[in-house]
Amino acid sequence: MPLEAALLVISVFVAFQGIFILVLMSQCKFIITTPEGITFVNPLLPFIRTTKKWADYDYFQIVQESSTWSSYEAVWLIKDDKLNQRISSFYYSNYAEIVESIKAENRGQLEINQYRQLLCWFGQKIHN
């Protein structure tokens, strides 16, 4: 195998590993809930923490998110009609406990298709 081809294969492999780590860091966090608020802790860099008070969110809604093989429930914590934080049952085995401990207003199920969900992930308002 020529050196250029080997470098290309290694570069692609490292790029995929980098993408995997970024997704893990952004989506799969340790969650600590208290009566006062919620703390998100990065699993790879535990000194990176985000703490929010329940008053920082206007309300939350339950959303059905789907993949190619299955469907998952997710909690969307919403501020100013925009998605602020998302907690998916795909990532957390204690998802039901997390949902019970949320002290923001529960507005129930949000019926939204997968394309609109993607737009909301990137900042579009949930309710127009």
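On a 1 Å grid over the protein atoms alone, a pocket is an open set of points where a 1.4 Å probe fits, with protein on both sides within 12 Å along at least five of seven lines, and its lining residues have an atom within 4 Å of a point. A volume is the space filled by probe spheres set on the points, which are joined across faces, edges and corners. The model examined here is predicted, with local features needing pLDDT of at least 70 and side-chain atom pairs pLDDT 80 or more, while totals for chains, interfaces and linings use all residues. Residues are numbered from 1 along each chain as its sequence is written, and side-chain values use heavy atoms, without hydrogens and water.

The second largest pocket has a volume of about 200 Å³. Its lining includes Glu 65, Tyr 72, Arg 86, Phe 90 and Trp 121. Two or more lining residues come from each of β4 (59-66), β6 (82-88) and α3 (114-121), and α3 gives the most, with four. Helices (H or I, at least four residues) and strands (E, at least two) are DSSP runs, numbered from the N terminus.

Strands pair if DSSP finds at least two bridges between them. β2 pairs in the antiparallel sense with β1 (residues 30-33) over four bridges, and Thr 39 is the bridge partner of Ile 32. With β3 (residues 49-53), β2 forms five antiparallel bridges, and Phe 40 stands opposite Thr 50.
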